[in-house]
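Welcome! Take a look at the structure below, and then let us walk through it together, topic by topic.

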Amino acid sequence: MAGLALLSALLTGCTSAGYYAQAVNGHLSLMAAARPVSEVIADPQTSDALRQRLAQSQDIRRFAVNELLLPDNASYHRYADLHRPAAVWSVVAAPPDALVAKTWCYPVIGCASYRGYFSEAEARAEAQALQAEGLEVIVQGVPAYSTLGWLNWAGGDPLLNTFINYPDGELARLVFHELSHQLIYVRDDSSFNEAFATAVERLGGRRWLALHGSAAAREADAALEARRQAFRGLVRQTRGELAAIFEKKSTDPSMDRSYLAMKKEVMDGFRARYAALRAGWGGDPSAYRRLDAWVSGANNASFVSQATYDELVPGFMRLFEREGGDTPQGWRRFYDAVNQLAGLSREERRRALKE
């Protein structure tokens, strides 16, 4: 996640005073808690498990530079324990009859389809205010956010307790994702930015595991990815069904209220299909607790948020293969091609990624 609303507040102060204050204080607190990884590893109070994860994070960081040609800078060479389960809480909102995210606009980074808070209570207060306006809203705990490289002079983005214990492939993918935001970022286009970073995380994570992951790590990651692919397919199917209802409503005034029954039927079907899908996964049911909660509370904002990260990813994957695939030259050409897309209009970028 780019954490763009937070970054804009930090750099400009042009949002409301309260939002600005929580953004500045929250980020400064995070930075103050960060210590060099080498110092944390050498600390006798550090557990062996954390010491091992931090050492591996530095291997991942070097891999990001040497193999994926991602930025070589101060980010992810320090570690902070925030003593909470998320770095920030993201608020996403959408109307009840459209899969269109509400946006918040900022002078530095443009418009973004989410608003971030360091306090969960403040995020939920914002959500309640948006619900009072008639919007459907979700609040999501986010393990990391990127300052786009603009604060590397101050130590950069640190590793955090919120994700350091992720499985090997997941830790690598998160680092690759956030560093991608430092490489290429386009104003006013959350979907483009997040899909690009998601493509890099998937491609880079696959290569990392192939070269450095144990057989057990590769097997576990393959099983996880299979479940994710199945779930993404279910979400895409449901999103398409909802979009068809909302499109029909927009052209048929007589559906002012009747569309709600159709929407409920789609959502009931989504949850039933998920239950069937999940039953086939086996394993410890607690492993799916977060996904269960997402499905249970899913609404238009949930589907909009998921689309931000997924909708354009296939286009980036095709572009990667066209530019030479998984070689240093291929990665360089891929980034050059993405930079060219970044110079186009929003509509032109989407057309190019769907070719």
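Let us start with charge: Glu170, Arg173, Asp221 and Arg228 are linked in a network of salt bridges (a salt bridge is a side-chain nitrogen of Lys or Arg within 4 Å of a carboxyl oxygen of Asp or Glu). This is a predicted model, where local features need pLDDT of at least 70 and side-chain atom pairs count only at pLDDT 80 or more, while totals for chains, interfaces and linings use all residues. Residues are numbered from 1 along each chain as its sequence is written, and side-chain values use heavy atoms, with hydrogens and water left out.

**Salt bridges**

- The count of salt bridges comes to 21.
- Asp189 and Arg349 join their side chains in one of them, at 2.9 Å from N to O. Asp189 lies in the loop between α6 and α7 and Arg349 in helix α14, so this pair ties together parts that are 160 residues apart in sequence. (Helices, H or I with at least four residues, and strands, E with at least two, are DSSP runs numbered from the N terminus.)
- Asp189 is buried, at 0% relative accessible area, and Arg349 is buried too, at 5%. (Buried means under 20% relative accessible area, exposed over 50% and partly exposed in between, with a 1.4 Å probe and protein chains only.)
- Arg350 also forms a salt bridge with Asp189, with the closest N and O atoms 2.7 Å apart. Arg350 lies in helix α14 and Asp189 in the loop between α6 and α7, so the pair ties together parts that are 161 residues apart in sequence.
- Another salt bridge brings together Arg273 and Glu241, at 3.6 Å from N to O. Arg273 sits in helix α9 (residues 259–279) and Glu241 in helix α8, so parts that are 32 residues apart in sequence are tied together.
- Is Arg273 buried or partly exposed? At 29% relative accessibility, Arg273 counts as partly exposed; Glu241, at 28%, is partly exposed as well.

**Nonpolar cores**

- The largest nonpolar core has 56 residues, and Leu159, Phe176, Phe316 and Phe334 have the most contacts inside it. (Such a core is a set of buried Ala, Val, Leu, Ile, Met, Phe, Trp, Tyr and Cys residues joined through side-chain atoms within 4.5 Å.)
- Helix α7 (residues 190–212) gives the most to this core, with eight residues.
- Apart from this core lies another, of 18 residues, including Phe270 and Tyr274.
- Leaving aside neighbours within four places in sequence, Phe176 is in contact with residues including Ile60, Phe63 and Trp208. (Contact means heavy atoms within 4.5 Å.)

**Pockets**

- How much space lies in the largest pocket? About 1800 Å³. (On a 1 Å grid over the protein atoms alone, a pocket is an open set of points with protein on both sides within 12 Å along at least five of seven lines, and lining residues have an atom within 4 Å of a point; the volume is the space filled by probe spheres set on the points, which are joined across faces, edges and corners.)
- This largest pocket is lined by 46 residues, and Arg228, Arg290, Leu291, Trp294 and Gln306 are the closest to its centre.
- Helix α11 supplies the largest share of that lining, seven residues.

**A buried alanine**

- Ala127 lies in helix α5 (residues 120–132) and is buried, with a relative accessible area of 7%.
- Leaving aside neighbours within four places in sequence, Ala127 is in contact with Val91, Val137 and Val139.

Note on methods
1 Å grid on protein atoms, 1.4 Å probe; cavity = no way out; pocket = protein on both sides within 12 Å on 5 of 7 lines; lining within 4 Å.
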